[in-house]
Amino acid sequence: MSKLEKYLPAMAWIKEYSTNKLQADTMASLIATILLIPQSMGYALLAGLPAVAGLYAGIIPSILYSLFGTSRTLAVGPVAITSMMTATILAPFAIAGSEHYVAIAIMLAFLSGVFLILMSLLKMGFLSNLLSHPVISGFISASAILIAVGQFKHLIGVQAQGNNLIELGQSMILHINDINLPTVILSVISVVSLLLFKRHLTPMLSKLGLSPSTSSMLGKSGPVIVVIATTSCVGALSLDSLGIKIVGDINNHLPVIPVEYFTLENMIDLLPGAFLISIVGFVGSVSVAQSFAAKRKQNINPNQELVGLGLANLGAAFSGSFPVTGGFSRSVVNVSAGATTPMAGILTGLLMLFTLLFLTPLFYYLPTAVLASCIITSILQLIDVKEFFRLYQFSKQEALGLLATFVVVLFVSMETGIIVGVSLSLLFFLWHTSHPHIAVVGRLPGTEHFRNVKRFDVETTPNVITVRIDENLFFANARVLEDYVLTLVSEHTDIKHLILMCNAVNMIDASALASLEAIDDRLKSAGVTLHFSEIKGPVMDKLAGSNLIQQLRGNVFITQHQAINTLTAHQAGTNAPTQ
């Protein structure tokens with residue numbers, strides 16, 4: 001890989017680009033744009049912004065990621081989770097939809113981009129590992145429910161605000177008398193139509209003789225059909241006069257950024273939310289990118305992904321939009337439409353720009369209830385109740401982490417839910433590592449392999465005990481090993497040699513080193529010699545100059561087999577009769 005390709009990954013696919021790929025990417029981008037326009041506008045409304053912000057978010061961010069990201073299939077733009085998080089983070093700052101609110105959203109995108117770039121420069125992609133699979137699963141399921149409930153207000157035509165299920169429910173109950181019947185009827189028709197299209201359109205097209213790939217691709221066009229049909233009906237019959245809310249005029253000019261609202265105080269207050277949305281967006285994006293890359297036998301560079309997503313968010317900020325990330329549904333549309341390279345993302349951005357400049361009048365009569373219907377029907381698939389029961393069978397602790405994240409996100413807030421989930425994951429990790437599995441091992445007959453004496457029928461050596469610890473040694477578990485060894489020695493008064501088998505130890509910290517020195521001293525007092533076996537190179541490098549090794553009476557053996565053979569021979573020599 002050349003230096004240019006390292007910093008501009010697009011060069012890798014541009015140099016092998018062909019006319020055939022351009023044709024495929026052009027068709028894919030055309031299809032993807034048609035499908036993503038209503039979705040993008042819906043996510044803008046979900047974020048509390050004007051619908052046009054969704055179009056802004058699909059232009060420059062898509063182009064920048066396509067040039068600087070490493071995934072050849074990931075589609076970047078507004079997605080449900082980050083849109084919901086945007087609305088939650090911005091709620092305390094301004095009234096949704098106001099100019100002040102738009103300015104804060106732009107600042108959030110900017111800070112998110114800065115965080116992602118800084119994380120890349122500091123090689124901090126590992127921070128995403130703090131969000132374990134159970135935490136992410138609980139967060140996504142609860143967020144999907146919140147999104148669906150939050151969009152329900154559009155289905156019945158009432159005003160409702162809130163950051164959790166209780167607040168949203170109370171708000172809607174307060175406005176229950178404001179329900180608009182024509183809106184409800186339109187919503188029911190839209191939701192039912194979308195569900196029917198989603199379930200039956202693809203099989204129906206297959207029965208008509210279309211190929212499976214074509215049927216699958218066209219089967220995803222249900223939202224487009226519903227949008228066109230309902231927009232036409234509302235416009236032709238003037239249904240907006242009955243109280244059905246419509247998108248209305250969409251500013252088809254390039255965005256004007258309200259910089260007068262940009263203050264240092266607001267920026268500082270936004271930092272926690274920007275960091276959280278950056279981490280969540282990055283984790284979700286990389287997960288999607290890696291899943292598609294595995295199918296195509298391609299590689300994903302997480303640190304370069306931070307650059308691509310960071311620049312995409314900076315692009316969103318400078319185009320007057322809100323935080324973006326890689327989305328699963330967007331990427332599925334991209335792949336299903338036949339995209340072969342990131343050029344499809346560039347072309348999609350340009351087609352979004354064309355739509356913004358010339359086609360926005362077509363969306364004037366688009367009902368907001370229909371956009372809400374599209375969001376709800378697409379987001380429900382993210383609710384995975386079965387995952388909890390599957391996880392419960394495997395690990396009750398991790399299932400508890402999932403459940404806690406789910407409940408707190410649902411009834412408190414998204415930020416608190418993430419913090420609780422991560423805290424529980426770290427707590428369970430510390431508990432697990434502070435209670436390491438420690439076993440006395442012996443040799444499997446006729447082999448050089450050593451296994452737990454409680455699990456296998458093994459050979460042991462008189463006066464020699466081997467202890468294996470299956471965990472790194474650090475402050476949280478050092479005393480546990482010390483207590484185990486000293487208890488073992490007190491129970492076996494015939495011990496002359498104790499071997500600490502370290503094949504599973506990858507790290508020893510200062511606390512563990514002090515504990516090992518204490519073990520050595522106590523064993524010396526009891527007339528027992530401490531030995532080590534199978535210490536890994538990096539660990540031995542750290543121990544080499546320590547007092548432990550310098551004052552050790554025993555040996556450090558390369559293998560456990562060597563240790564047993566040496567000590568057995570030594571004992572045989574010691575016990576041999578004198579001449």
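Phe354 sits in helix 16, which covers residues 343–358; helices here are DSSP runs of H or I with at least four residues, strands are E runs of at least two, and both are numbered from the N terminus. With a relative accessible area of 42%, Phe354 is partly exposed, a label for values between buried (under 20%) and exposed (over 50%), worked out with a 1.4 Å probe and protein chains only. This is a predicted model, so local features need pLDDT of at least 70 and side-chain atom pairs count only at pLDDT 80 or more, while totals for chains, interfaces and linings use all residues. Residues are numbered from 1 along each chain as its sequence is written, and side-chain values use heavy atoms, with hydrogens and water left out.

Together with Leu254, Leu357, Phe358, Leu359 and Leu362, Phe354 forms a nonpolar patch with about 580 Å² of accessible area. Areas like this come from the Shrake-Rupley method with a 1.4 Å probe, and for residues only the protein chains shown count as cover. To join a patch, a residue needs over 30% relative accessible area and no salt bridge; nonpolar side chains (Val, Leu, Ile, Met, Phe, Trp, Tyr) are joined within 5 Å, like charges within 9 Å. A salt bridge, in turn, is a side-chain nitrogen of Lys or Arg within 4 Å of a carboxyl oxygen of Asp or Glu.

Now step back to the whole chain. It has 25 helices and eight strands, and its C-alpha atoms fill a box of roughly 115 × 60 × 55 Å along the principal axes. Of its 579 residues, 50% are buried. Ile81, Met84 and Leu90 are among them.

Where is there empty space? Rolling a probe the size of a water molecule over the atoms shows where it is left. On a 1 Å grid over the protein atoms alone, a cavity is a set of points where a 1.4 Å probe fits but cannot get out; a pocket is an open set with protein on both sides within 12 Å along at least five of seven lines, and lining residues have an atom within 4 Å of a point. Points are joined across faces, edges and corners, and a volume is the space filled by probe spheres set on them.

The largest pocket holds about 920 Å³. Of its 42 lining residues, Leu45, Gly48, Ala96, Lys153 and His154 lie nearest the centre. Helix 8 gives the largest share of this lining, five residues. The lining divides into 23 nonpolar, 16 polar and three charged residues, where Ala, Val, Leu, Ile, Met, Phe, Trp, Tyr, Cys and Pro count as nonpolar, Asp, Glu, Lys and Arg as charged, and the others, Gly among them, as polar.

The second largest pocket comes to about 780 Å³. Its lining has 29 residues, with Ile81, Ile140, Val288, Phe328 and Leu382 nearest the centre. Helix 13 contributes the most, seven residues.

Finally, there are three cavities of 30 Å³ or more in the whole structure. The largest cavity has a volume of about 120 Å³, and among its 17 lining residues Ser62, Leu74, Ala75, Asn334 and Gly345 are the closest to its centre. Helix 16, where the tour began, is one of the helices that supply at least two residues of this lining.
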